[in-house]
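Hi everyone, thanks for making time.

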Amino acid sequence: MLSMSNLSPSAGTPMAASPLTRAVLEIDEYASTLGWDKPARLFALVDTAKLRKQEPGLARQLGLDQDDAGKSKLTPIEQDEVPAGTPLDKFLGTIAWPAAIVGCALTVERLMLPPSAEASVPEGLGDKQLAKWVAGHPDRQEVRLTVGVLRDGSRESAVRLREKDSSTEVLTGATLVPGLAEALAATFLD
């Protein structure tokens, strides 16, 4: 069921950032090593200290057997591939996490338009027509969105523009991608 990925912390990840921010940035950095034009990737977030205590063999396998001076930290564990051709909202609606999973994160590539382009969106377009219109717009931007949520409601997002593909150019914020954060948070509802 699980496909393990050992994501090593990024040298550019701010030490003062919250554990969720660090996890989201680690996932963004990992996704950047894979290149662009990749499918969505889903990650379970586990408490690193609990993982070390409850599953020492797995922690060793993931390179997490060294204590980080008692810091609370999250470990991302990549899940099986998101099924190709399945709408993301339908796929996320099928997920239920076990209690050991404290959060989850998703990375996905999208086309975005600047707010100034909103006024020029033609009326009455269906989803496919709108996607085609956006893809042909001269001001479109290719972005990679990485969004993480915790069971306690905490959220974080990272946005990387393809044209500024550098870890120093990644935007972060809890409210950058609210719709996707809501969809991920719903995977923890009973």
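Predicted model: local features only at pLDDT ≥ 70, side-chain atom pairs only at ≥ 80, totals over all residues.

I'll talk about the pocket and then about the nonpolar cores.

Okay, the pocket. The largest one holds about 570 Å³ of space. So what lines the largest pocket? You've got Arg110 and Leu111, and then Asp127, Lys128, Leu130, Ala131 and Val134. Two elements, strand E3 (103–112) and helix H5 (127–136), each give at least two residues to that lining. H5 has the largest share, with five residues.

Now the inside. The largest nonpolar core has 30 residues, and the ones touching the most other members are Leu42, Leu88, Trp97, Leu106, Leu180 and Leu184. Which elements each supply at least two residues of this core? On the strand side, they are E1 (41–47), E3 and E4 (141–150). On the helix side, look at H3 (56–61), H4 (88–92) and H6 (178–185). E4 brings the largest share, four residues. Notice that E3 turns up here as well as in the pocket lining.

Let's zoom in on Leu42. Leaving out anything up to four places away in sequence, Leu42 touches Ile77, Glu78, Gln79, Val82, Phe91, Ile95, Trp97, Ala105, Leu106 and Leu184.

Key. Residues numbered from 1 in each chain as written. Heavy atoms only, no water. 1 Å grid on protein atoms, 1.4 Å probe; cavity = no way out; pocket = protein on both sides within 12 Å on 5 of 7 lines; lining within 4 Å. Points joined across faces, edges and corners; volume = space filled by probe spheres on them. Core = buried A, V, L, I, M, F, W, Y, C linked by side-chain atoms within 4.5 Å. Buried < 20%, exposed > 50% of the residue type's maximum accessible area, 1.4 Å probe, protein only. Contact = heavy atoms within 4.5 Å.
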